[in-house]
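Here is a short briefing for a first look at this protein. Please view the sequence and the structure, then read the points below.

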Amino acid sequence: MIFSPFFLLKIRYLIIAILLFGCHDALALRATHAWKVYDHAKLQNYVDFDIFLNAYREHLRVANKPIMSIIDYSQPSDARRFLIIDIEKRALLHRTFVAHGINSGTLYATEFSNTINSRQTSLGTYRVGEVYYGKYGISLRLDGMSPSNSNARRRAIVLHGASYAEPNVINEIGMLGRSWGCPAISPEITSEVVELLKEGGSIYAHAHNHRNG
């Protein structure tokens, strides 16, 4: 019997889901829903299912609204590595650029830290907090929900817009500019992203083969 590549891929994803969630009925339902979101939103070309599944599980743990997001810092800053997903509508809402910390790397982020004044990006799960208006205009407070980003509030790690995170910067210097550790995005979409994620959304910041300081 010959199986299609899509069928084999689906079986692989379901095996990953079982390994991560176990065989309990409620957990199995979550894994099934995660697959449906992943498949319907056509995320296969942007993020591996095991990363998505971890982000989905963390979203259920910390969030109180259906908007989750993933930042894949394994990708360079000239890639659209910030995904915003509505898990109720099973839709990819945004795929955009996001900057990393100045001491985390240049084109690629390779070093991460939870240390105050490190000016490095922190990995882990964030619960998105309240809106405020600061140096960069409308911004979002972030609460670090993992040991690797627990100092987010003390470090003033926030989501904000910045001119150095605009796509045209890539054309000028070959990468985005860098922040002091904040996930900075283009000012053109900041208001919309803030509205989507504020007060209960989640951000799952991930990287392969990283080093934590």
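Asn114 is found in the loop between β4 (111-112) and β5. The model is a predicted one. The points below begin with this residue and then turn to the protein as a whole.

- Is Asn114 buried or exposed? Asn114 has a relative accessible area of 14%, and under 20% counts as buried, so Asn114 is buried.
- Which residues does Asn114 touch, leaving aside its neighbours within four places in sequence? Asn114 is in contact with Ser122, Pro147, Ser148, Asn149, Ser150, Asn151, Ala152 and Arg155.
- Gly144 lies 30 residues from Asn114 in sequence. In space, the two are 9.6 Å apart, C-alpha to C-alpha.

**The protein overall**

- The protein has five helices and ten strands.
- It consists of 213 residues, and 50% of them count as buried.
- Take the contacts between residues at least 6 apart in sequence: 59% of these join residues at least 24 apart.
- The accessible surface comes to about 10,500 Å². Carbon and sulfur atoms account for 52% of that surface.

**The nonpolar cores**

- In soluble globular proteins, nonpolar side chains tend to be buried together.
- The largest nonpolar core here holds 28 residues. Tyr73, Phe82, Leu159, Leu197 and Ile203 touch the most other members.
- At least two residues of this core come from each of β1 (67-72), β2 (82-86), β5 (124-134), β6 (137-144), β7 (158-161), α5 (187-197) and β9 (202-206).
- The biggest contribution is that of α5, with four residues.
- A second, separate core has 19 residues, including Trp35, Leu83, Ile85 and Tyr204.
- Back in the largest core, Leu159 is one of the residues with the most member contacts. Leaving aside neighbours within four places in sequence, Leu159 is in contact with Phe82, Ser139, Leu140, Leu142, Pro183, Ile185, Val193, Leu197 and Ile203.

**The largest pocket**

- The largest pocket has a volume of about 450 Å³.
- Its lining is made up of 21 residues. Closest to the pocket centre are Tyr136, Arg155, Ala156, Trp180 and Cys182.
- Arg155, in this lining, is also among the contacts of Asn114.
- Which strands each supply at least two residues of the lining? They include β5, β6 and β7.
- By type, the lining residues divide into nine nonpolar, six polar and six charged.

Definitions and conventions: Residues are numbered from 1 along each chain as its sequence is written. This is a predicted model: local features need pLDDT of at least 70, side-chain atom pairs count only at pLDDT 80 or more; totals for chains, interfaces and linings use all residues. Side-chain values use heavy atoms; hydrogens and water are left out. A nonpolar core is a set of buried Ala, Val, Leu, Ile, Met, Phe, Trp, Tyr and Cys residues joined through side-chain atoms within 4.5 Å. Buried means under 20% relative accessible area, exposed over 50%, partly exposed in between (1.4 Å probe, protein chains only). Contact means heavy atoms within 4.5 Å. On a 1 Å grid over the protein atoms alone, a cavity is a set of points where a 1.4 Å probe fits but cannot get out, and a pocket is an open set with protein on both sides within 12 Å along at least five of seven lines; lining residues have an atom within 4 Å of a point. Grid points are joined across faces, edges and corners, and a volume is the space filled by probe spheres set on the points. Ala, Val, Leu, Ile, Met, Phe, Trp, Tyr, Cys and Pro count as nonpolar, Asp, Glu, Lys and Arg as charged, and the others, Gly among them, as polar. Accessible areas come from the Shrake-Rupley method with a 1.4 Å probe; for residues, only the protein chains shown count as cover.
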